[in-house]
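Biologist: I would like to go through this model with you. Please give the cut-off behind each label you use.

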Amino acid sequence: ELYPDVPGFADSRGLAYALVGQNARAIADFEVFADAPDRDPDDRELRKQWIRALEKGENPFDEETLARLLDLPF
């Protein structure tokens, strides 16, 4: 709540929202990240893919994706 428009914070918070089924909030946070011009273009595109999936009611976070995001072995 203190830093709603900081892309890194929004990105992490968006993932948390998505994992608990709060898709609208997740989308809003991923949009903050995707619109940030200082982020890697590939990372920005990945967030746009997540947004599109969430808008359809799909979960873009399978075990492999989560392991990669959390830097865990899959």
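Modeller: Helices here are DSSP runs of H or I with at least four residues, numbered from the N terminus. The model is predicted, so local features need pLDDT of at least 70 and side-chain atom pairs count only at pLDDT 80 or more, while totals for chains, interfaces and linings use all residues. Residues are numbered from 1 along each chain as its sequence is written, and side-chain values use heavy atoms, leaving out hydrogens and water.

Biologist: What makes Asp11 and Arg47 a salt bridge?

Modeller: The term requires a side-chain nitrogen of Lys or Arg within 4 Å of a carboxyl oxygen of Asp or Glu. For Asp11 and Arg47 the N to O distance is 2.8 Å, and their side chains meet in a salt bridge. Asp11 lies in helix α1 and Arg47 in helix α3, so the pair ties together parts that are 36 residues apart in sequence.

Biologist: What class does Arg13 get, and why?

Modeller: Its relative accessibility is 22%, so Arg13 counts as partly exposed. Arg13 also forms a salt bridge with Asp29, with closest N and O atoms 2.7 Å apart. At 7% relative accessibility, Asp29 counts as buried.

How values were computed
Helices (H or I, at least four residues) and strands (E, at least two) are DSSP runs, numbered from the N terminus. Buried means under 20% relative accessible area, exposed over 50%, partly exposed in between (1.4 Å probe, protein chains only).
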